[in-house]
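Here are my notes on the model you sent over. Have it open while you read, and go through the points in order.

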Amino acid sequence: MRVARVSGRLSLLVGNGAVDVHAASDGRFPADPDAVFDQWDELREWAGARGNHGAEPYSRDQLGAPVLNPKQVFAIGLNYRDHAAESGVAVPSAPAVFTKFATCLTGPYDTVQLPSDKVDWEVELVVVIGRRAWQVSEESAWSHVAGLTVGQDLSERAVQLVGPVPQFSLGKSYPGFGPIGPAIVTSDELADPDDLSLICALDEELLQKGRTRDMVFSVSELIARLSAVCPLLPGDVIFTGTPPGVGMARTPARYLTGDTTLVSAIDGIGELRNPLIAK
Ligand code: ZN
């Protein structure tokens, strides 16, 4: 199942079209994509039973962030060994956790204004929680996941690294700094949800390429470790960290510029294409 926000409304993506869930279900499910997570299992059952009929064409400009109002946004730093190495720090022995404040979330094709000339790219797998998870084991972790989506953890490095200690959360939360989408994809749609290929490109130039099997802490390990402290709630999102190839780690350092398009893609899930404009 692929669940998206089309013209602001909860929709299933089927084939090349979209089904408006509230209308097609005669009001059984809400029109608001943020309000469906308590009925996620029911939605899966309904979507599976109804098949592909009744899908209407849509354009990608109609797609918004599949989740816009999560109660919590978790993000994980340094979750790929080669990214920790390029950042000059040791591989973490526990997840390095911060938040991206929810106002930074934006749609998969939305334009992002760069607030400075120090904005960096980080393509990431994003987990959307479907069922409350409190002190869950790694073994049961996946059963708390609604699905997966693509995310960009855009990062303003000057604010992030201003002293005396790093400001991960603030520097990564300017408006537009959290593009996600194009849809929440359930794990049964993926051959191996723990081994997905992800890339980041600027226009046609490949900047990052990795596989999620190289994460230091897997999706299930992250859910177990985060839920050991905080209950994870339906609709919460987790940015799971970025593979190597970010701009800050290059010599010389490189950052995003305007009049370009940032592409972030994960095999089997889809892609984000965010036009960037300079301040
Ligand atoms: Zn990140």
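1. Asp153 is buried, with a relative accessible area of 0%. Here buried means under 20% relative accessible area, exposed over 50%, and partly exposed in between, using a 1.4 Å probe and protein chains only. Glu124 is buried too, again at 0%. Keep in mind that this is a predicted model: local features need pLDDT of at least 70, side-chain atom pairs count only at pLDDT 80 or more, and totals for chains, interfaces and linings use all residues. Residues are numbered from 1 along each chain as its sequence is written, and side-chain values use heavy atoms, with hydrogens and water left out.

2. What holds the zinc ion? Glu122 (OE), Glu124 (OE) and Asp153 (OD) coordinate the zinc ion, at 1.9 to 2.1 Å. Glu124 sits in strand 11 (residues 123–129) and Asp153 in the loop between strand 12 (145–152) and strand 13 (155–156), so this pair ties together parts that are 29 residues apart in sequence. Written as a pattern, the donor spacing is E-x1-E-x28-D. Donors are N, O and S atoms within 2.8 Å of the metal (3.2 Å for Na, K and Ca); water is not among the atoms, so sites may look incomplete.

3. Now the overall picture. The protein has seven helices and 19 strands. Its radius of gyration is 18 Å, close to the 19 Å that the globule rule gives for 279 residues, so the protein is as compact as a globular protein of that length. That radius is taken over C-alpha atoms, and the rule is 2.2 Å times the number of residues to the power 0.38. Helices (H or I, at least four residues) and strands (E, at least two) are DSSP runs, numbered from the N terminus.

4. Buried residues make up 54% of the 279. Among contacts between residues at least 6 apart in sequence, 74% join residues at least 24 apart; contact means heavy atoms within 4.5 Å.

5. Have a look at helix 7 (residues 219–227), which is mostly covered: eight of its nine residues are buried. Among them are Val219, Leu222, Ile223 and Leu226. The buried residues of helix 7 pack against strand 6 (73–77), strand 7 (96–98), strand 11, helix 4 (138–141), strand 12 and strand 17 (237–239).

6. Next, the loop between helix 1 (21–24) and helix 2 (40–50), where you'll find Arg28. Arg28 is partly exposed, at 42% relative accessible area. Leaving out residues up to four places away in sequence, Arg28 touches Gln39, Glu42 and Trp46. Ala31 is found in the loop between helix 1 and helix 2 as well, and beyond its neighbours within four places it contacts Gly8, Arg9, Leu10 and His22.

7. Which backbone spots deserve a look? A cis peptide bond joins Gly163 and Pro164, with omega about 0 degrees, and Pro164 is in the loop between helix 5 (157–161) and helix 6 (168–171). Another cis bond joins Thr251 and Pro252, with omega about -5 degrees; Pro252 is in the loop between strand 17 and strand 18 (260–266).

8. Asp259 is in the loop between strand 17 and strand 18. Asp259 has a positive phi of about 60 degrees although it is not a glycine, and at 75% relative accessibility it counts as exposed. Ser7, also not a glycine, has a positive phi near 50 degrees, in the loop between strand 1 (2–6) and strand 2 (9–14).
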